[in-house]
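My notebook is open and I have a few things to look up.

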Amino acid sequence: MAAVDDLQFEEFGDVATSLAANPDATTINIEGPGETPKRLGPPRGSGREEDDELLGNDDSDKTELLAGQKKSSPFWTFEYYQTFFDVDTYQVFDRIKGSLLPIPGKNFVRLYIRSNPDLYGPFWICATLVFAIAISGNLSNFLIHLGEKTYHYVPEFRKVSIAATIIYAYAWLVPFALWGFLLWRNSKVMNIVSYSFLEIVCVYGYSLFIYIPTAILWIIPQKAVRWILVMMALGISGSVLAMTFWPAVREDNRRVALATIVTIVLLHTLLSVGCLAYFFDAPELDHLPTTAVVPNQTVVAAKSS
Amino acid sequence: MAEAAESPGEPGTTSPRPLFAGLSDISISQDIPVEGEITIPMRSRIREFDSSTLNESVQNTIMRDLKAVGKKFMHVLYPRKSNTLLRDWDLWGPLVLCVTLALMLQRGSADSENDGGPQFAEVFVIIWFGAVTITLNSKLLGGNISFFQSLCVLGYCILPLTVALLVCRLVLLAKPGPINFIVRLFVVIMMFAWSIVASTAFLADSQPPNRKALAVYPVFLFYFVISWMILTFTP
C-alpha cells in the first residue's frame, strides 16, 4: 500500500544542483537550440576569451555548434523574438561606448554587433530620446519665458507624440530604405561587406544615443552653445554611420558611394536640426510669444462675451 | 514488485546493463491493491470553498477582495521581500490607481489652448501601454515572471506617485511661487524613488543576473515619465 508521502510531488531543483549531488546520474538535455548558449555557454562578448578556458571546453564546443542555428524558430513563436533580445548588460554598454567613440578603421558592426544584432538598444534609446527631447524642450521654453507676466506655462503634451513619430520613423524607415538601396546595389556590384536589416537598425539606434545628453544640454538658452552641441553630436554619430557604411559601398561607383554617404549624413543633420528648431524656442526672440499670446486672449474674450 | 526490487541491485555485474532493464519485468498483479490518497497541498482548501462562495453574503465577497487589495497596498508601502504581490495577483488596484491618476491629471475639455496637459485617455494609455511594454521587454530578456504578475506589480507601485499627486494638488491650493515648486519637486522625487525601490524589490529577482539592469531601466523611465506629468500639472 502506498503511503501518502510517496505520492507527493517532489521538487528536484536545478539541473546543476542535482548533478552536483549525484554526479553519476544520467541526464537528458531537452533544451532548445537558442537557450543553451545563454545558460551554460560563456558570454559571447569582446575580450572574454579567458572565460572559455575557465568554464571548460565542452561549453564552448556547444556554443560553436549551436551558433549557426540561432534563429531557427518560426516567426509566430515568442522564442523567435527572444533571439533579438539576447544581450547582456555589459554588451549593451559596450555597444553604447562604441557609438560614442568612433575610431577610424574600427567598424561598429564588426566589432560590437558581431552577428548578434539586438532590438533592445534601438528601441529603448529611441524611447529615452523621445522623452528627453520633449521634456528638455518644455523645460527650456519654461526657463526662457520665466520672467514674462503674460506667459502661462503649459506642459505641451502633444509634442511627445510628435517627437515619438519623428524619432521612431527615422530609426526604422531610413534603415529600411538604406537596406533596400544596398541590396539593389549588391545585385549590380559585388560588395564584400553586406549588412542585414537588423544590423542597420542596430547601428542607427545606437548612433542616436549621443543625442540624449545633447538634448538635455540644449536646455541652456544660448544659441552658440546649442549650435556647438549640434556640431559635436553630428560629428560623432555621423562619423560612426559613415565609417560603418563606407565598406559596404566602397567597391561601387565612386559617385554612388559618395552620394550614399552624403545622404546618410544629410538625413542625420536634418533630424538633429529639425528637432532643435521645433522643440526648442530660440532664446533671443522673447518678444514674439507676447504678441502671439495677446491675440489668443482677445479671441478668448470675444468667444466668452 | 519483488522482481523489480531485485533486478537493479545485483552486485558485481561485469557487463554494462542497459538502462531501465528491469522495467519490463514489472507487473502489477491483480491481488495487490493500489490505494491511497493523492493530495495536492494548498489547493484543496480553495476547491472546498468554491461551492460556498455562492451562498455567502455580498458583503463577505466584496470585503474579501477589498482586503486582498488593501494587503497589497500595504506591501507596496512597506516593500519587503514577500511573494504575496506575485502569487495572488489582481488588477483591481492598478485599475483604481490608474483611473484616479488619469482623472486628476486631465485638463479641462473647455481648454482653448491646443497644447496643454494630457487628456484622460492619454494618461490611461501611457500607463497601460507602458506597463505592457515593460512586461514584454522583461519577458523577451528571459525573465520568468508571468505577464499579469508583472502588470500587477507595476500597477500597484504607482501608489506612491498617486499620493504625490494628491499632495501636489493640496500644495497648489496655496500661494504659487518658488517655495511651492520646491515642495512639490521634493515630494515627487521622494515618491518616485519609493516607487522604483518598491517595484525593483519585486521584479529584479525574476531576471537572469546579467540582465537585471536592462530590465530595470524601462521601469525607471516609466515612473520618470509619470512623475514628470505629475510635477508639471497645473490646474
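This is a predicted model: local features need pLDDT of at least 70, side-chain atom pairs count only at pLDDT 80 or more; totals for chains, interfaces and linings use all residues.

Entry: Arg211(B) counts as buried because its relative accessibility is 4%, and buried means under 20%.

Which residue does Arg211(B) form a salt bridge with? I found Asp88(A), with the closest N and O atoms 3.0 Å apart. This pair crosses between chains: Arg211(B) sits in the loop between helix H9 and helix H10 of chain B, and Asp88(A) in the loop between helix H5 and helix H6 of chain A. Asp88(A) has 7% relative accessibility, so I noted Asp88(A) as buried too. I also saw that a network of salt bridges links Asp86(A), Asp88(A) and Arg211(B).

A reminder to myself: side chains of opposite charge can pair when their charged atoms come close.

**Entry: other salt bridges.** How many salt bridges does the structure hold over all chains? I noted eight. One of the pairs I looked up joins Arg64(B) and Glu56(B), at 3.1 Å from N to O. Arg64(B) is partly exposed because its relative accessible area is 43%, and Glu56(B), at 22%, is partly exposed as well.

Next I turned to Glu251(A) and Arg250(A), whose closest N and O atoms are 3.9 Å apart in their salt bridge. Glu251(A) is at 33% relative accessibility, so I wrote down partly exposed; Arg250(A), at 41%, got the label partly exposed too.

**Entry: a nonpolar patch.** Leu139(A), Phe142(A), Leu143(A) and Leu146(A) make a nonpolar patch of about 320 Å². Leu139(A) belongs to helix H8 of chain A, residues 120–144, and counts as partly exposed because its relative accessibility is 31%.

Definitions and conventions:
Residues are numbered from 1 along each chain as its sequence is written. Chains are lettered from A and ligands numbered from 1 in the order in which they are written. Side-chain values use heavy atoms; hydrogens and water are left out. Patches are made of residues with over 30% relative accessible area and no salt bridge: like charges are joined within 9 Å, nonpolar side chains (Val, Leu, Ile, Met, Phe, Trp, Tyr) within 5 Å. Accessible areas come from the Shrake-Rupley method with a 1.4 Å probe; for residues, only the protein chains shown count as cover. A salt bridge is a side-chain nitrogen of Lys or Arg within 4 Å of a carboxyl oxygen of Asp or Glu. Helices (H or I, at least four residues) and strands (E, at least two) are DSSP runs, numbered from the N terminus. Buried means under 20% relative accessible area, exposed over 50%, partly exposed in between (1.4 Å probe, protein chains only).
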